[in-house]
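Hello,

Here is the structure we talked about handing over. My notes follow below.

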Amino acid sequence: MSSESTTPDGRHTPARPTPLAGGEVFRSPDAGTVTVLDFWRYAMPDLRTNTTRGLLAEFLVHRAVGAEQRNAEWESFDVLAPDGLKIEVKTSAYLQAWGQRRLSEIRFSRLRGRIWTPEAGDAAEQSYNADVYVFALHTARTHAAYDPLDVGQWCFHVASRAVVEATGQASLGLTSVRRLCGEPVGYGELAERIRGCALRPLPFPGATTEAVDTAEAAPVDA
């Protein structure tokens with residue numbers, strides 16, 4: 001829950017929210033006993049949907065780097081590490097929550113965005129706004145094998161902003177991501193790879209930012 005304060009210039013500024021535990025009850029004489037947990041079950045019953053899977057990947061990165069709180073929705077990056085490192089998380093998967101004739105082509109989109117602030121609104125130009133980019137891929141290829149709670153089914157490619165920005169692209173397919181980032185890591189090695197890429201201005205040895213695939217299939221996830 002949060003309250004509101006009014007600044008000298010008349011802006012309405014919310015206080016930092018207190019995290020909910022799930023047992024809080026909605027106040028209504030007609031709704032019966034409905035809790036925040038009931039709402040969460042309604043809003044996120046399936047961790048495979050595109051929106052929720054993206055939030056799940058952000059959560060995993062958040063936990064890996066020891067972030068203290070979730071970023072606000074309007075921030076220009078997804079996770080703020082305790083040392084101030086800005087991290088953007090992009091997700092994709094072979095399987096979706098609907099029926100498919102074939103596995104999805106892997107693509108990571110919206111690498112650039114306009115910075116927004118309450119004071120100035122949207123920036124005039126799109127930009128690359130994170131220090132490190134994490135490309136999170138859910139690797140399950142059959143629904144029988146897909147386990148949303150198995151963190152081991154994720155692999156993570158990681159690149160510095162310099163590497164991503166050098167492509168000049170707003171989205172990248174898996175071939176380009178592999179070329180730029182090298183081998184992926186599992187969750188246990190993710191924090192170390194993020195720290196390493198934050199200090200690395202250039203791609204892995206032998207990588208190039210020149211040959212980027214710009215005509216792969218449409219984006220799967222944000």
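Is Phe 39 buried or exposed, or does Phe 39 count as partly exposed? Phe 39 has 43% relative accessibility and so counts as partly exposed (buried is under 20% relative accessible area, exposed over 50%, partly exposed in between, with a 1.4 Å probe and protein chains only).

The model is predicted: local features need pLDDT of at least 70, side-chain atom pairs count only at pLDDT 80 or more, and totals for chains, interfaces and linings use all residues. Residues are numbered from 1 along each chain as its sequence is written, and side-chain values use heavy atoms, without hydrogens and water.

Surface patch. Phe 39 lies in helix H1, residues 36-43 (helices are DSSP runs of H or I with at least four residues, strands are runs of E with at least two, both numbered from the N terminus). Together with Leu 20, Phe 26, Leu 37, Trp 40 and Tyr 42, Phe 39 forms a nonpolar surface patch of about 620 Å² accessible area (Shrake-Rupley method, 1.4 Å probe, only the protein chains shown as cover). Patch members have over 30% relative accessible area and no salt bridge; like charges are joined within 9 Å, and nonpolar side chains (Val, Leu, Ile, Met, Phe, Trp, Tyr) within 5 Å. A salt bridge is a Lys or Arg side-chain nitrogen within 4 Å of an Asp or Glu carboxyl oxygen.

Cysteines. There are zero disulfides in the structure (cysteine sulfur pairs within 2.5 Å). For Cys 181, the nearest cysteine sulfur is that of Cys 197, 6.8 Å away. Cys 181 is buried at 0% relative accessible area, and Cys 197 is buried at 1%.

Regards
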